[in-house]
Every structure is written in structure tokens, then in C-alpha cells.
Amino acid sequence: MKLYVYDHCPYCVRARMVFGLKDLPVELIMVANDDEATPVSLVGKKVVPILVKEDDTAMPESLDIVRYVDTHYGNPIIEESIRSEIEEWVSKLSKVYNHLLLPRFVKLDLAEFEKQSAIDYFVKKKTESIGDFAQNLAETDKYLAAVQSLINELSDLIKSEKALNGELSLEDIIVFPMLRNLTCVKGIQFPPKVLDYVNKMVELSKIDLYFAKAI
Ligand SMILES: N[C@@H](CCC(=O)N[C@@H](CS)C(=O)NCC(=O)O)C(=O)O
């Protein structure tokens, strides 16, 4: 199977996780951020992740991909349940963390931003949602404080380093990609329980972090 992704895309990390967690091979294809033709030719719109299955049909939507792979290859390992506290946490973090992440993604030498045209495309599009990138970077302290307090809150919701709710579930598929992206932000302190969880998920899902290039 082939998986079309951007490195920084949290929905793509969800899809990548199921392959790592189940030790299944997949060919990762990094799409340039300004490449509209490839995704449109596969699923009719510009979106990633896209899974191209063994029968050559293409499937978008991260959670559909996770469920498809989990239920069609070996015994299912990912439970559907999500605690309401996790849903609330995800919703709060989603409202603020892009102010930290988006201006940093274009500085991390990621495959989707190899060409200047891809960076320009992303900056133009995302400036419409978060405002000027340089301004957001200048206001790092403000956003960092909000994000740090949410990261601290997560500690109390972690039941095991192997799975947020004790057993692997959609909680891990949704939360780990968000934490992984936050490793590109210098200055965030991951409390021990959160850090142990992140490192265990790296091992289990075989997905790398951004700590080494944090800005
Ligand atoms: N609901 C979709 C959302 C996927 C999504 O929003 N992907 C973003 C990248 S993070 C995207 O492709 N945006 C279009 C673009 O890059 O222009 C899913 O869960 O897979």
C-alpha cells in the first residue's frame, strides 16, 4: 500500500501510526505542499493523507484509513472509545497550537517544503487563518503559556505509557500526532508522564519527533 502524506500533517501521522503499531509495510510518499495535481488526481480534492490500497483504489480521511487498515490486516488493536476529557483537551489545544506550529513547520527542512514555491503556498494559505507568521513567532511566549498548561493537564489523563486509556484507542491516534508536532517548539516542557508516553509511542509506532530541530 502507498500513503501520500506531508511530514507535518497530524492527520497523516494518525494514518502512519496504524502501520507502525501493526508492523505493516507501507510506502510513504511525501507530497510537495503546493502539489495540487497529485491528490486531486487520486481523490478529487487537495488533501492528505491518502491511502492507495492493494487494489489501487484511493481512500482519504485519516480515521477511515486507520479503521480500514486496523480491521483488514491482522486482529484489530485500536478501540473506538474516546473519553470526553480527552475530546475537550484536544479541542482546547487545537484552538491555540497552530500559532506555534505553522510558522515553525516551514523552517524544519521538511520534504513537503523543499521548494520555495511550496513554502510560499503554505504561508499564504495559513496566514489567512493565524495571521502573520513573523508576528506569531514574536508572540511565542503568549501561546507557549497556554499550550504548556494544557500539556501539564494531560499528565493526569495518562493511564499507561503504552496507551492513554490503558489500551490503544482512537485517543492515541488523535493525541500522539499533536504532541509529536509540539516537539518542534523549543521551550515546551514535557512532564515526565507525558514524555514517557511520547517516547513509548515513538517506539511502538516508529514515527520520529522534532526535538532535534526544535525552534
Ligand atoms: N479530515 C481530514 C483532514 C485532513 C487535512 O486537513 N489535511 C490537511 C493537511 S494537515 C490538508 O491536506 N490540507 C490541504 C492543503 O494542504 O492544502 C482527515 O482527517 O484526514
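This is a predicted model: local features need pLDDT of at least 70, side-chain atom pairs count only at pLDDT 80 or more; totals for chains, interfaces and linings use all residues.
View 1. The protein is split into domain 1 (2-72) and domain 2 (84-213), with bounds that come from an automatic or database domain assignment. Their centres, taken over C-alpha atoms, are 20 Å apart. Domain 1 brings 21 residues to the contact and domain 2 brings 27, where contact means heavy atoms within 4.5 Å. About 2100 Å² is buried between the two domains, 65% of it on carbon and sulfur atoms. Buried area here is the accessible area (1.4 Å probe) that two parts lose on being put together, summed over both. On the domain 1 side, His-8, Met-17 and Asp-34 lose the most area to domain 2, together 29% of what that side buries.

**View 2. Polar links across the domain interface.** Three salt bridges cross between domain 1 and domain 2, each a side-chain nitrogen of Lys or Arg within 4 Å of a carboxyl oxygen of Asp or Glu. Ten residue pairs, both at pLDDT 80 or more, are in polar contact across the same interface. A polar contact is a pair of N or O atoms within 3.5 Å; within protein, one must be able to donate a hydrogen and the other to accept it, and residues adjacent in sequence count only if both atoms are side-chain atoms. The elements giving two or more residues to the domain 1 side are helix H1 (10-21) and helix H3 (62-72), and H1 gives the most, with seven residues. Helices (H or I, at least four residues) and strands (E, at least two) are DSSP runs, numbered from the N terminus.

View 3. Residues around the ligand include Tyr-6, Cys-9, Arg-14, Lys-46, Glu-61 and Lys-125, and a residue counts as near if one of its heavy atoms lies within 4 Å. An N or O atom in the side chain of Tyr-6 is 3.0 Å from an oxygen atom of the ligand. From Val-48, a backbone N or O atom lies 2.9 Å from a ligand nitrogen.

View 4. The peptide bond from Val-48 to Pro-49 is cis, with omega near 5°. Pro-49 lies in the loop between helix H2 (37-43) and strand S3 (50-52). Asp-56 is in the loop between S3 and strand S4 (58-60), and its phi is near 75°, a positive value in a residue other than glycine. For background, most residues other than glycine have a negative phi, and most peptide bonds are trans.

**View 5. Glu-171, Arg-83 and Asn-165.** Glu-171 and Arg-83 join their side chains in a salt bridge (2.8 Å, N to O). The pair links distant parts of the chain, 88 residues apart: Glu-171 is in helix H9 (residues 170-182) and Arg-83 in the loop between H3 and helix H4 (84-96). Asn-165 sits in the loop between helix H8 (140-154) and H9. Not counting residues up to four places away in sequence, Asn-165 touches Ser-81, Arg-83, Lys-159 and Glu-171. The side chains of Asn-165 and Lys-159 make a polar contact (2.8 Å).

Definitions and conventions:
Residues are numbered from 1 along each chain as its sequence is written. Side-chain values use heavy atoms; hydrogens and water are left out.
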